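Me: I'm new to this structure and would like to learn how to read it. Could you walk me through a pocket and a pair of helices?

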Amino acid sequence: MTEPAHLQPAPASGSSSASGVDRTAELTDMLGYLASCWDEERRLLARRLHDSLGSSMTALSMHLALLSQHIPAENGPMRERSAQMKSLLANIIDTNRKMQLELWNDKLEFLGLKAALAELVTEFGAAHGLKARASLPDEDGDYTRTQGVVLLRCAEEGLRNAVAHAGATAAEVVLDDDGEQVMLTVRDNGAGLAHGRVLESGGWHGLRLLRERARFLGGSLELRRAEDGGALLCMTLPKTPPR
């Protein structure tokens, strides 16, 4: 006969601990899967913006240029209106390109992680007045698309935090690859961290999600105060994914 629930022995503490570990692993897998789905959706949306809207805007720009050539020189108002339309169209094309880049970096897919990181660091530094430089291997490593995306996201997050939270004026992105694992480090000269590691505390949701993505790939993410001041964000991933 089955004993009433309140009389049944409580599960062993070891069993409870094991179930907690299993639950954490399940959540890590789910977050990793969802993040991969988001990346794929962003990639497809960026591709649609390029193939559809980008192509249409380019064709429209060419047609406008041809029409402008037939406006008589003495028709000043029409020439001025044509110039305004060209400027507006150029702004739309530029905005579309920036949106595509924010959604998905094509260089990552077609030229590799090294080219994508080099472009990111240069453009981010110019846009935010940050003295940013990249230290990259001579040869591009062999990474899966997911590994490349996560490493690139780590660089983006580190640079954003350097400007938004640390008040840094300089930052460096370093990529090391020893053949078995790849390590990406972002260090800055900002205010640093008040105390040790902060990823276990509240807030920093972007970094915490990034940490779960690293765990999903069998790696780790660490944020700590650098020995010479400033902050140091380091992601390490095995070259061979665990699954």
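Reply: Happy to; we'll look at the pocket, then at a helix pair. Keep in mind that this is a predicted model.

Me: What volume does the largest pocket have?

Reply: Its volume is about 570 Å³. To find the spot on screen, look for Lys98, Leu101, Glu102, Leu120 and Glu123, which are the closest to the pocket's centre among the 17 residues that line it.

Me: Which elements give two or more residues to that lining?

Reply: They are helix H2 (76–103), helix H4 (113–128) and helix H5 (145–164). H4 provides the largest share, with six residues.

Me: Now for the helices. At what angle do H5 and H6 pack?

Reply: With a helix pair, look at the angle and then at the distance between the axes. H5 and helix H6 (residues 205–216) pack at about 160°, and their axes are 11 Å apart. Angles over 145 degrees count as roughly antiparallel, so H5 and H6 are roughly antiparallel to each other.

Me: Is the crossing of H5 and H6 left-handed or right-handed?

Reply: H5 passes H6 in a left-handed crossing.

Me: And which residues meet there?

Reply: From H5 come Val149, Val150, Arg153, Cys154, Glu157 and Asn161, and they meet Gly206, Leu207, Leu210 and Arg213 of H6. By class, this contact has five nonpolar, three charged and two polar residues.

Definitions and conventions: Residues are numbered from 1 along each chain as its sequence is written. This is a predicted model: local features need pLDDT of at least 70, side-chain atom pairs count only at pLDDT 80 or more; totals for chains, interfaces and linings use all residues. Side-chain values use heavy atoms; hydrogens and water are left out. On a 1 Å grid over the protein atoms alone, a cavity is a set of points where a 1.4 Å probe fits but cannot get out, and a pocket is an open set with protein on both sides within 12 Å along at least five of seven lines; lining residues have an atom within 4 Å of a point. Grid points are joined across faces, edges and corners, and a volume is the space filled by probe spheres set on the points. Helices (H or I, at least four residues) and strands (E, at least two) are DSSP runs, numbered from the N terminus. Axes are lines fitted to C-alpha atoms, for helices over the stretch in contact, and angles run from 0 to 180 degrees between N-to-C directions. Angles under 35 degrees count as roughly parallel, over 145 as roughly antiparallel, 65 to 115 as roughly perpendicular and the rest as oblique. A crossing is left-handed if the near helix is turned anticlockwise from the far one by less than a right angle, and right-handed if clockwise. Contact means heavy atoms within 4.5 Å. Ala, Val, Leu, Ile, Met, Phe, Trp, Tyr, Cys and Pro count as nonpolar, Asp, Glu, Lys and Arg as charged, and the others, Gly among them, as polar.
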